[in-house]
Amino acid sequence: MLILRKWGYHVATAAASHSVLFSVFACSNIRTCRGLRFQFQAPRSQRSIHQFVSIGTSMNKLSIQTTVLECQHDGLNCLVQSFSTMAGTILVQARDIGNLCMELENAIEEHRYNDAWKLHEQHMLMEGFPRKSIVNKFLTSFAESLDVQWLGKVYGLVEQAIEEGKQNLLEKETLIYLAFCLARCGLPVPASTVLRKLVEMGHFPPVTAWSAILSHLSQTAPGACLAAEFVIEIGFLFQDGRVDPRKKTNAPLIAMKPNTTAFNIALAGCLLFHATRKAEQLLDIMPRIGVKTDTTLLIIMANIYERNGRREELKKLKRHIDEAHNLTDVQFQQFYNCLLTCHLNFGDLDSTSHMVLEMLRKAKEARNSLAGGTLIFGAAVSGNTSPPRQVLSHGKSDELKNDISHQCQSISFEDFSRDWKFSKLEAEAKELLGILLVKLQRQVELITTERGILQPTERIYVKLVKAFLEAGKMKDLAEFLIKAEKEGSPVSPDDSVLVHAINSCISLGWLDKAHDLLDEMRLAGVKTGSSVYASLLKAYCKANRAGEVSSLLRDARKAGIQLDSSCYDALIQSQVIHNDTQGALNLFKEMKEAKILRSGLQEFETLVKGCAENGEAGLMAKLLQEIKEGQRLDCGVHDWNHVIHFFCKKRLMQDAEKALKKMRSLGHVPNAQTFHSMVTGYAALGGKYTEVTELWGEMKVLASTTVMEFDQELLDSVLYTFVRGGFFNRANEVVEIMERGGMFIDKYKYRTLFLKYHKTLYKGKAPKFQSEAQLKKREAALTFKKWVGLS
């Protein structure tokens with residue numbers, strides 16, 4: 001019995017040695033045959049095997065490797081000898097792991113990144129991750145290099161450590177510093193992933209630290225989307241007083257709570273990259289976690305409300321703007337630009353024109369007063385004054401960005417770790433927020449400032465004239481422009497806005513509208529030059545409208561307008577075409593008596609072709625471009641979107657469905673904002689996946705006919721709803737459309753969502769018997785699972 005036990009021990013030892021031998025062969029350059037086997041014979045094989053094991057356990061017995069070779073065939077002598085030498089080398093290195101760690105530390109301190117990486121790989125092959133201190137030194141040193149290649153590699157190590165359950169090796173400060181460097185180098189996805197992993201592990205980063213990371217993320221479109229998602233995820237933890245600030249154990253968590261600066265950064269990034277509905281989602285979170293507003297946040301809110309068509313919210317915000325004491329002239333300029341744009345989008349021409357006229361009147365009063373240089377329109381309305389603010393020019397903002405980039409490069413981990421309050425990062429976050437705000441200021445186009453005085457730009461006149469013309473309100477347009485000329489700076493009769501509007505109508509072939517405007521000018525007693533009459537006469541002659549030519553000619557003579565030779569040429573040519581020789585002769589005699597020379601002056605053509613002043617397009621050229629290229633606003637869509645959004649926000653989905661049905665019946669086509677409100681409303685109720693599927697079918701039909709364009713926010717909300725409900729076939733459709741359109745998708749969010757609701761879905765083997773529908777459903781789920789990186 002004892003002999004059998006010994007024999008079993010030696011056989012097991014031989015099998016283990018046999019597996020070790022083949023594993024070493026597989027990792028070396030030695031080629032082995034698949035059919036290679038060891039042949040053991042007792043008792044000599046037992047002795048040989050025992051001697052081989054002795055070699056593996058005692059380093060000073062390497063000299064007896066020739067004894068091991070005696071038990072093998074002659075053809076394997078060279079192969080086994082190579083194995084024995086290699087095994088000895090590996091075992092020697094394993095005993096010298098301390099030296100390897102010392103060499104690794106030296107390479108890290110001397111910033112020899114290539115050597116450090118090779119030594120680290122050797123350590124990983126032998127014993128896995130080094131000790132905690134070396135791991136963190138390794139990560140911070142490579143992060144300091146700000147090299148995208150090395151940053152990608154050390155980020156991979158962090159992911160590997162977390163996957164292997166060794167996150168205890170990673171220190172909180174190390175991961176914050178790594179996320180900061182990743183964001184600084186334009187790697188938004190890894191940076192946001194590290195931040196999210198920190199929160200998952202319970203290493204809550206302070207808001208002063210992660211807001212600086214978000215300020216770098218928000219400089220790009222994908223980063224802005226990730227920054228908004230991160231603020232939403234963090235804000236969810238603090239909603240409705242879930243965290244008790246009185247408990248000392250909650251202090252690290254309270255330090256992570258989003259503040260006003262963090263929200264400003266995320267919101268400004270959303271505005272710059274047109275994620276305004278995501279920005280409004282952030283605004284809804286703010287009161288639930290108790291974030292206070294400042295002047296910057298008020299202006300950002302105005303921009304969000306304007307772009308999302310929230311006119312009532314914008315009107316409510318106006319009261320806070322007028323009562324604020326520390327708003328600058330630039331901020332007033334931004335707010336009133338938003339309010340004007342919103343009125344125009346809703347087709348409220350009365351409110352828009354009233355605002356412009358009031359602005360002109362206040363500007364005129366300010367110019368005529370002694371303190372005209374310090375007053376602004378908004379301050380005059382509210383009875384407040386504010387000092388003028390210097391607006392950063394494009395060059396200055398670029399210089400500021402370069403300075404901040406230089407500061408970011410100079411932050412070493414040593415300085416980073418000493419600044420335990422993260423005051424440097426907080427200052428940098430505010431500077432980068434300033435750059436985002438300057439970019440937003442450049443988007444203001446309807447209002448300008450001169451010495452602190454708000455004044456309308458040519459752009460607002462262009463948009464207003466276009467809106468009046470499209471609405472057919474010729475009388476209202478003429479009244480507005482006449483009043484604007486009286487309140488504004490004096491101009492020559494041929495250079496007024498009304499004349500430019502008439503010439504634009506003529507150029508577009510809207511001759512009746514041009515004639516109506518000219519009649520309104522004449523009835524109001526406004527004098528005009530001969531150019532506008534000449535332009536309209538030539539256009540009537542070209543269109544062979546003899547009756548209108550005669551009527552306009554009488555009006556011109558009554559007004560005492562002297563036509564030029566080009567007008568007489570057009571009139572004579574028109575009479576000849578209609579075989580009215582006598583009429584042509586009379587016109588020629590009239591021209592001779594008036595002593596009008598053929599100067600060849602063509603004022604209208606000169607206005608149309610050369611309407612340029614100081615290198616910029618003139619008012620008429622801008623108006624023509626706006627009418628020809630600008631899309632016609634469907635104000636009804638804005639009105640119905642506002643109604644539908646109200647019902648969806650209150651979760652009154654039946655009323656929202658009725659409003660959508662009425663909207664369609666009136667001929668208004670729903671757009672991306674309409675569907676976004678409906679989808680988010682259904683998602684808030686939960687379980688309304690069939691209704692979202694029906695909407696998705698309608699969206700695809702509208703998108704295929706180019707009536708509606710998909711945007712990232714709409715598709716993201718649809719994708720979230722489908723994944724939440726387990727509709728993976730539809731989810732894969734949305735993913736395909738988004739990837740085809742080059743839209744950013746936050747895979748981390750959907751990976752987390754899948755694990756939360758479908759973690760055990762289709763984990764086992766497929767059943768032997770399943771219908772075709774079940775098979776397709778399973779394949780769709782596995783395809784999505786593979787896409788998010790869970791297969």
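**A first look around**

A: Happy to! This is a predicted model. Let's start with Leu433, which counts as buried because its relative accessibility is 8%, and buried means under 20%.

Q: Where does Leu433 sit?
A: You'll find Leu433 in helix α23, which covers residues 423–441.

Q: And which residues does Leu433 touch?
A: Leaving out residues up to four places away in sequence, Leu433 touches Thr261, Asn264, Ile265 and Ala268. His216 is worth a look too: its C-alpha atom is 9.3 Å from that of Leu433, although the two are 217 residues apart along the chain.

Q: Switching topic: how do strands β1 and β2 pair?
A: They pair in the antiparallel sense, over four bridges. In one of those pairings, Ile447 has Pro456 in β2 as its bridge partner.

Q: What about the hairpin of β1 and β2, how many residues are between the strands?
A: Two residues, and Arg451 in this hairpin takes a positive phi near 55°.

Q: Which way do the residues of β2 point?
A: Ile453 and Gln455 point one way, while Leu454 and Pro456 point the other way. All of them are buried.

Q: Okay, on to charges. How many salt bridges are there?
A: The count comes to 31. One of them joins Arg310 and Glu280, with the closest N and O atoms 2.9 Å apart. That pair links distant parts of the chain, 30 residues apart: Arg310 is in the loop between α16 and α17, and Glu280 is in helix α15.

Q: Are Arg310 and Glu280 buried or exposed?
A: Both Arg310 and Glu280 are buried.

Q: What does Arg311 meet in a salt bridge?
A: Its side chain meets that of Asp348, at 2.9 Å from N to O. Arg311 lies in helix α17 and Asp348 in the loop between α18 and α19, so this pair ties together parts that are 37 residues apart in sequence. Arg311 and Asp348 are buried as well.

Q: And Glu470, what does that form a salt bridge with?
A: With Lys466, where the closest N and O atoms are 3.9 Å apart. Both residues lie in helix α24, four residues apart, which is about one turn of the helix. Glu470 is partly exposed at 26% relative accessible area, whereas Lys466 is buried at 6%.

Q: Last one: which residues are linked in a network of salt bridges?
A: Glu229, Lys278, Asp716 and Lys749 are linked that way.

Key:
Residues numbered from 1 in each chain as written. Predicted model: local features only at pLDDT ≥ 70, side-chain atom pairs only at ≥ 80, totals over all residues. Heavy atoms only, no water. Buried < 20%, exposed > 50% of the residue type's maximum accessible area, 1.4 Å probe, protein only. Contact = heavy atoms within 4.5 Å. Pairing = 2+ DSSP bridges. Salt bridge = Lys/Arg side-chain N within 4 Å of Asp/Glu carboxyl O.
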